[in-house]
Amino acid sequence: MTGVVATAETPQKHSLIEWIGIKQAFGWPPNGADVLRYLHQFNMFQVQVAGLADSRGDDALRQFAFAQAQLARERDQEVFKLNTFTLLAIDFPTRPNAVISNELAGLRGAVGQRFVSDFRRKQIGMFRSTIDVMRRYLLHPNNDQIRRFTAEQLPLFERDLEALEVGKPS
C-alpha cells in the first residue's frame, strides 16, 4: 500500500502521507521535506482559523489567533526559502489538505462558546501533532538547515501550546 501511495506523488498526497500517520505507523521518521510540508499545512490552518476567530471569538482569542496567523505567515516565508535553498523543489499545495479542511469545516459551523472551546481543542491538537513531527524529525534529521530551523521553531510551538493548555487565550 505504501508503495502505491509513494509512487502517486502529488502535493496533496505527499502532505497527507505524514498528516494521517502512515510514516509513523511504519516507524519511519519524517524527512526534511515532510517537516516543511507539515509546517506549510499548519501555517495555512493558522491563517484561515484567524479569519474565523475575527468574527466569533472574544478579544483574547482574536489576539491569539491574529498573532498565530502573523507567525504563520513569517514561518511560511522561511519554509519557502528553505525549500529553495535546500533544493528540495517541493510543490506546495495552495489549499489545505483533507485533514485541515475538515478541521476548518468543523470550526465554520460553531458559534459562541462552542466556537471558543472547539478552537482551543483543535489548536491544541494541531500544535501537539506538529510538535510531534518536529521532535521525531530532530531524532533523525536529514538536512542541517531544516534541522536548525526546526530546533528554533520547536520551543516557540511548545510555548504557544502551553499558553493554550493553561487557559490562555480567552
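Author: A residue is buried under 20% relative accessible area, exposed over 50%, and partly exposed in between, with a 1.4 Å probe and protein chains only. By that rule Arg147 is partly exposed, with a relative accessible area of 28%.

Reader: What kind of model is this, and how are residues numbered?

Author: This is a predicted model, in which local features need pLDDT of at least 70 and side-chain atom pairs count only at pLDDT 80 or more, while totals for chains, interfaces and linings use all residues. Residues are numbered from 1 along each chain as its sequence is written, and side-chain values use heavy atoms, with hydrogens and water left out.

Reader: How many helices and strands are there in the protein chain?

Author: The protein chain has 8 helices and 0 strands. Helices (H or I, at least four residues) and strands (E, at least two) are DSSP runs, numbered from the N terminus. Read from that end, the order of elements is α-α-α-α-α-α-α-α. Of the 170 residues in the chain, 45% are buried.

Reader: Back to Arg147. Which residue does Arg147 form a salt bridge with?

Author: The partner of Arg147 is Asp144, and their closest N and O atoms are 2.7 Å apart. A salt bridge here is a side-chain nitrogen of Lys or Arg within 4 Å of a carboxyl oxygen of Asp or Glu. Both residues belong to helix 8 (residues 144-165), 3 residues apart, about one turn of the helix. Asp144 counts as partly exposed, at 42% relative accessibility. Asp144 also forms a salt bridge with Arg148, where the closest N and O atoms are 2.3 Å apart. Arg148 lies in helix 8 as well, 4 residues from Asp144, and is partly exposed at 39% relative accessibility.

Reader: How many salt bridges does the count come to?

Author: The count comes to 12 salt bridges. One of them joins Asp132 to Arg136, with the closest N and O atoms 3.4 Å apart. These two lie in helix 7 (residues 112-139), 4 residues apart. Asp132 is partly exposed at 28% relative accessible area, whereas Arg136 is buried at 13%.

Reader: Turning to packing, at what angle do the axes of helix 4 and helix 5 cross?

Author: The axes of helix 4 (residues 32-56) and helix 5 (residues 59-85) cross at roughly 150° and come within 8 Å. Helix 4 is therefore roughly antiparallel to helix 5. Axes are lines fitted to C-alpha atoms, for helices over the stretch in contact, and angles run from 0 to 180 degrees between N-to-C directions. Angles under 35 degrees count as roughly parallel, over 145 as roughly antiparallel, 65 to 115 as roughly perpendicular and the rest as oblique.

Reader: Which residue classes make up the contact of helix 4 with helix 5?

Author: That contact has 14 nonpolar, 5 polar and 5 charged residues.

Reader: And the aromatic rings: how many pairs does the structure hold?

Author: The structure holds 6 aromatic pairs. Rings of Phe, Tyr and Trp (its six-membered ring) pair if their centres lie within 6.5 Å; planes under 30 degrees apart count as stacked, over 60 as edge-to-face and the rest as tilted. Phe42 and Phe157 form a tilted pair, 4.9 Å centre to centre with 45° between the planes. The pair links distant parts of the chain, with Phe42 in helix 4 and Phe157 in helix 8, 115 residues apart.

Reader: Are Phe42 and Phe157 buried or exposed?

Author: Both Phe42 and Phe157 are buried. Ring pairs also link Phe42, Phe127 and Phe157 into a cluster.

Terms used: Nonpolar A, V, L, I, M, F, W, Y, C, P; charged D, E, K, R; others polar.
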